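The structure comes next, followed by the points grouped by topic.

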Amino acid sequence: MLSFQKLLRADQINKGDLVKLFNRADIYKDKLSKSEKITDLDGKILASLFFEPSTRTRLSFETAMHRLGGKVITVEDGSSSSTKKGETLEDTGRVIDQYADIIVMRHPKPYSVEEFSKYVTNPVINAGDGDNEHPTQSLVDSYTIYSEKGSLENLKVGFLGDLKYGRTVHSLVNILSKYNASFKFISSEYLALPDKLKTVAKNNSNSFQEYQTVNAEILEDLDVLYVTRVQRERFDNQDDYIKNKDVCYLDKKYISAKNNSIILHPLPRVDEMDKFIDELPNAKYFEQVGYSVPIRMSLLYSLVNL
Ligand code: NCD
């Protein structure tokens, strides 16, 4: 039993929820590796509503539902649904609630999934609302860290790139702040972490330092380095994007031989990091993708069976 029925923000997920979600994800991961047939959501339907581009989140949710023996209904993209004709999110919510047992939704407007969820009785999952939050990516990220590092407690975590618009960063800071983390926030001044998230870190007595440049020394003692894409589509002014996009480029030479941190990235990546980093044993971003299906299976199962 989880402490929430609708997953809209990462701060809803408490430590007990994570234990339950990780334990079930471990079971699914094991079954998937043995190609065991799973029928836990046989007869159930997921509605997948993406009003913004997505590859990983959408396909991994849909894969997760299929692997659980459930079915998926979807609109091809936001532009082929009735919202294009002017239907409100409120009415869309009331309608889809009657078709599906659970709804996953992505939307470009911050807080819109929360607004939509008010008109839905079934579970709703926020798969990204503008530059606000992406709580299920933070489940993927924290499950990856837990699996690769053995624990989420007392970690030194560096966040690099677009900390202002990067919703996956916002959600992961919320989660890791519950585990006595030491953070390094590394970005251009323009792309710094919003104050409200620094407050989350402070209020939970985590320590943090901010840097406006990146070098080997800053990264040396981390347990986790979380790299993000500069979110071009969120800038009001493309000149600001050009000015900021390369300020914290991650060069392979910054990852020294004694650097033991795992390197994560929610993907897609563009040109914020050196492709040769892929060759390092620390690079775990493709493994991270592998963790996304069992943890999303675990979430879908747990919400449908609350
Ligand atoms: C991220 C997103 O959509 O916020 N991608 C993802 O869900 N894995 C990160 C990004 O777009 O940069």
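Contact here means heavy atoms within 4.5 Å. Helices (H or I, at least four residues) and strands (E, at least two) are DSSP runs, numbered from the N terminus. The model is predicted, so local features need pLDDT of at least 70 and side-chain atom pairs count only at pLDDT 80 or more, while totals for chains, interfaces and linings use all residues. Residues are numbered from 1 along each chain as its sequence is written, and side-chain values use heavy atoms, with hydrogens and water left out.

**Helix pair**

- In H1, Lys20, Leu21, Phe22, Arg24, Ala25, Tyr28, Lys29 and Leu32 meet a set of H10 residues that includes Tyr291, Pro294, Met297 and Tyr301.
- By class, this contact of H1 with H10 has 12 nonpolar, 2 polar and 3 charged residues. Ala, Val, Leu, Ile, Met, Phe, Trp, Tyr, Cys and Pro count as nonpolar, Asp, Glu, Lys and Arg as charged, and the others, Gly among them, as polar.
- H1 (residues 15-33) and H10 (residues 285-304) pack at an angle of about 120°, and their axes are 8 Å apart. Axes are lines fitted to C-alpha atoms, for helices over the stretch in contact, and angles run from 0 to 180 degrees between N-to-C directions.
- The two helices H1 and H10 are therefore oblique to each other (under 35 degrees is roughly parallel, over 145 roughly antiparallel, 65 to 115 roughly perpendicular, and the rest oblique).

**Largest pocket**

- The largest pocket holds about 410 Å³ of space. On a 1 Å grid over the protein atoms alone, a pocket is an open set of points with protein on both sides within 12 Å along at least five of seven lines, whereas a cavity is a set where a 1.4 Å probe fits but cannot get out; lining residues have an atom within 4 Å of a point. Grid points are joined across faces, edges and corners, and a volume is the space filled by probe spheres set on the points.
- Of its 21 lining residues, Arg106, Arg167, Arg229, Leu267 and Pro268 are the closest to the centre of the pocket.
- The lining of the largest pocket has 4 nonpolar, 10 polar and 7 charged residues.

**Cavity**

- The search of the whole structure finds 1 cavity of 30 Å³ or more.
- The largest cavity has a volume of about 70 Å³.
- Its lining divides into 7 nonpolar, 4 polar and 2 charged residues.

**Backbone**

- Leucine 267 and proline 268 are joined by a cis peptide bond with omega of about 5°.
- Proline 268 is in the loop between strand S9 (262-264) and H10.
- Tyrosine 111 is not a glycine, yet has a positive phi of about 70°.
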